[in-house]
Amino acid sequence: PQSARALDIASELQAEFGFVDAAMQNCALALTLAPDDPSVLRRQSSLLLRADRPAEAVPLLRQLLAAHPDNLSLHNELALALLRSGQHTEARQVAL
């Protein structure tokens, strides 16, 4: 697929069936086509957390949070990513 939306849908299906690496590849490609797409950013950050790659999820979550500062779920996901990547102090600040 050549559209970000199609790649996002493909990655969602792949993730559901446990093909996390393939899902992340499709999300990465979707991000090259639509780097500010919140759906793709959210999916890729979730997949990175699922694959135990929290440090890679942090910049994506920061980007999302900058655009949606009132989204409590994003604050929690960023705090989780920060915790898992050893940034405990910042994780506490973000979670508050």
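**Glu-77 and its surroundings**

Mentor: Let's begin with Glu-77, which touches Arg-42, Ser-45, Ser-46, Leu-49 and Leu-61, leaving out residues up to four places away in sequence. Keep in mind that this is a predicted model.

Trainee: OK, and which helix is Glu-77 found in?
Mentor: Glu-77 is in helix α5.

Trainee: Is Glu-77 buried or exposed?
Mentor: Buried. The relative accessibility of Glu-77 is 16%, and the cut-off for buried is under 20%, so Glu-77 makes it into that class.

Trainee: How far apart are Glu-77 and Leu-65 in space?
Mentor: Going C-alpha to C-alpha, 10.0 Å. Along the sequence, Glu-77 and Leu-65 are twelve residues apart.

Trainee: Back to α5 itself. Which of its residues are buried?
Mentor: Besides Glu-77, the list has Leu-74, His-75, Leu-78, Ala-79, Ala-81 and Leu-82.

Trainee: And what covers the buried residues of α5?
Mentor: The cover includes α3 (38–50), α4 (54–67) and α6 (88–95).

Trainee: What span should α5 have, going by its residues?
Mentor: Helix α5 runs over residues 72–84, which is 13 residues, and at 1.5 Å a residue they should span 18 Å. The end C-alpha atoms of α5 are 18 Å apart, so the two values agree.

Trainee: Let me zoom out. How many helices and strands does the chain have?
Mentor: Six helices and zero strands. Reading from the N terminus, the order is α-α-α-α-α-α.

Trainee: What share of the residues is buried?
Mentor: 38% of the 96 residues. The accessible surface of the chain is about 5500 Å², and carbon and sulfur atoms account for 57% of that surface.

Trainee: What about charges, how many positive and negative side chains are there?
Mentor: There are 8 positive and 11 negative ones, with the centres of the two sets 4 Å apart.

Trainee: Switching to loops. Where does Asp-52 lie?
Mentor: In the loop between α3 and α4. Asp-52 is exposed, with a relative accessible area of 58%. Take a look at its backbone too: phi of Asp-52 is near 60 degrees, a positive value in a residue other than glycine.

Trainee: And Arg-53, which residues is it in contact with?
Mentor: Setting aside neighbours within four places in sequence, Arg-53 contacts Met-24 and Leu-48. Arg-53 also lies in the loop between α3 and α4, and it is partly exposed at 33% relative accessible area.

Trainee: Last one, His-68. Where does that lie?
Mentor: His-68 is in the loop between α4 and α5. With a relative accessible area of 36%, His-68 is partly exposed.

Trainee: What does His-68 touch?
Mentor: Pro-38 and Leu-74, not counting residues up to four places away in sequence. Leu-74 is one of the buried residues of α5. By contrast, the C-alpha atoms of His-68 and Ala-10 are 25 Å apart.

Definitions and conventions: Residues are numbered from 1 along each chain as its sequence is written. This is a predicted model: local features need pLDDT of at least 70, side-chain atom pairs count only at pLDDT 80 or more; totals for chains, interfaces and linings use all residues. Side-chain values use heavy atoms; hydrogens and water are left out. Helices (H or I, at least four residues) and strands (E, at least two) are DSSP runs, numbered from the N terminus. Buried means under 20% relative accessible area, exposed over 50%, partly exposed in between (1.4 Å probe, protein chains only). Accessible areas come from the Shrake-Rupley method with a 1.4 Å probe; for residues, only the protein chains shown count as cover. Lys and Arg count as positive and Asp and Glu as negative; His and the chain ends are not counted. The place of a charge is taken as NZ of Lys, CZ of Arg, CG of Asp or CD of Glu. The expected span of a helix is 1.5 Å times one less than its number of residues. Contact means heavy atoms within 4.5 Å.
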